[in-house]
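Please keep the sequence and the structure in view while reading.

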Amino acid sequence: MAPSLKSSKSLYDFVVRDGNGVKGLVDSGMSEVPERYIQPPRERINKEDSRACDSPPIDLSKLNGAEHEKVVDEIGRAAETLGFFQVVNHGVPLELLESLKDAAHTFFSLPPEQKAVYCSGVSPCPRVKYGTSFVPEKEKALEWKDYISMTFSSDEEALQCWPNQCKEVALEYLKLSTKIVRDIVEVLIGKLGVTLKDSEMEGLLGTKMVNMNYYPACPNPELTVGVGRHSDMGAITVLLQDGIGGLYVKVDQQNDAHKGQWLEIPPVPGALVINIGDTLQILSNGRYKSAEHRVRTTSSQSRVSVPVFTMPIATERIGPLPEVVEKDGLARYREVLLQDYMNNFFGNAHAGKSSLDFARIN
């Protein structure tokens, strides 16, 4: 049994500082959500207020065939409107995707003390971090999620430092996902009328990170969120969902009759979810939309997801591409150092797409 968690501080210490996570709360036999996890009404997710996204997945294998232009247009249109789309025939073996989900469940089923060795400050490698919520020290209401985050620097380090339960499958998934990202970014940059050198592409996609997210079954899912409203800060995110679902994206297109509505991205067997991040919105001077999204919890079973984040290296400066600014007649974003953007992003609780305000020119 968990110690008495009556006070907000004792709960915070148990979940965050001691590394028990939300899973530790659930395993302690908690029958209702603690107050610290109850979201204000405007942030709660009502399934009835949304509809399922009915866009068919994009077949990436056709990028190299007779239907190349059609697929390029589909990718461009998705990036300009919702900022989210699903892909099939993407080159990641289906067996690997199943192994990833199994590995995530295996890792999060470990005793708390075995996961806590990867907590920030004690982790054997600064690029491997186990944690809970997003920035718990800044959040009024915590998110119902635990995660392990692994930033890639070399194969050797990954195989030495990443958790044994997931390191091999996570590394292979990251490598195959990086190829998908590169193909998609080449398409999107090309549609802007720009060609990037290999060194520029490496600067744009030079940081790669794979996370495993765990959303324990929740006694009061209607009061909580798995992840609050946010956009990703990088270029492109590749996400593996399991079959449970719960991912929602906000319609943001000005001339869309459904603007402001939330769409559920239903799990499609064998598909991967692609979403555009803030970096590509800035680079395209606003033509491509970083997708505002959030995650619902469920009472029936625990859910896992496995995103790969790709973003510029920390020393890279990001701003609208000069060719796009020339065409548009004005820059909508200023040039920023990626490290500064990252510090701002991880220094605040999730709040929709407010992270973009850091670079926006009013």
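In this predicted model, Y37 is buried, with a relative accessible area of 1%, and W144 likewise counts as buried at 1% relative accessibility. Because the cut-off for a buried residue is a relative accessible area under 20%, the value of 1% places Y37 in that class, and the value of 1% does so for W144. The rings of these residues, Y37 and W144, form an aromatic pair of the edge-to-face kind. The partners come from distant parts of the chain, 107 residues apart: Y37 belongs to the loop between α2 (21–27) and β1 (51–52), whereas W144 belongs to the loop between β4 (128–132) and β5 (146–151).

A further edge-to-face pair is made by F107 and Y130, and it too links distant parts of the chain, since F107 lies in helix α4 (residues 94–108) and Y130 in strand β4, 23 residues apart. Both F107 and Y130 are buried. The geometry of the two pairs is set out here.

| Aromatic pair | Centre to centre | Angle between planes |
|---|---|---|
| Y37 and W144 | 5.1 Å | 80° |
| F107 and Y130 | 6.2 Å | 70° |

The count of aromatic pairs comes to six, and ring pairs join F107, F108, Y118, Y130 and Y214 into a cluster. Charged side chains also meet rings: R294 lies over the face of W262, at 4.0 Å from the ring centre, and the charged end of R334 sits over the ring of F358, 5.0 Å from its centre.

Which residues touch the most other members of the largest nonpolar core? They are Y173, M212 and I236, in a core of 83 residues, to which helix α7 (residues 167–191) gives the most, with 12 residues. A second, separate core has 14 residues, including L82, L263, V273 and V295. Leaving aside residues up to four places away in sequence, M212 touches several residues, among them L100, A103, F108, Y147, C166 and V306.

Turning to the protein as a whole, its secondary structure comes to 11 helices and 15 strands. Buried residues make up 56% of the 362 residues, while the protein exposes about 16000 Å², with carbon and sulfur atoms supplying 50% of it. Among contacts with a separation of 6 or more, 76% are between residues 24 or more positions apart.

Technical notes: Residues are numbered from 1 along each chain as its sequence is written. Side-chain values use heavy atoms; hydrogens and water are left out. A nonpolar core is a set of buried Ala, Val, Leu, Ile, Met, Phe, Trp, Tyr and Cys residues joined through side-chain atoms within 4.5 Å. Buried means under 20% relative accessible area, exposed over 50%, partly exposed in between (1.4 Å probe, protein chains only). Helices (H or I, at least four residues) and strands (E, at least two) are DSSP runs, numbered from the N terminus. Contact means heavy atoms within 4.5 Å. Rings of Phe, Tyr and Trp (its six-membered ring) pair if their centres lie within 6.5 Å; planes under 30 degrees apart count as stacked, over 60 as edge-to-face and the rest as tilted. A charge sits over a ring if NZ of Lys or CZ of Arg is within 6 Å of the ring centre and within 35 degrees of the ring normal. Accessible areas come from the Shrake-Rupley method with a 1.4 Å probe; for residues, only the protein chains shown count as cover.
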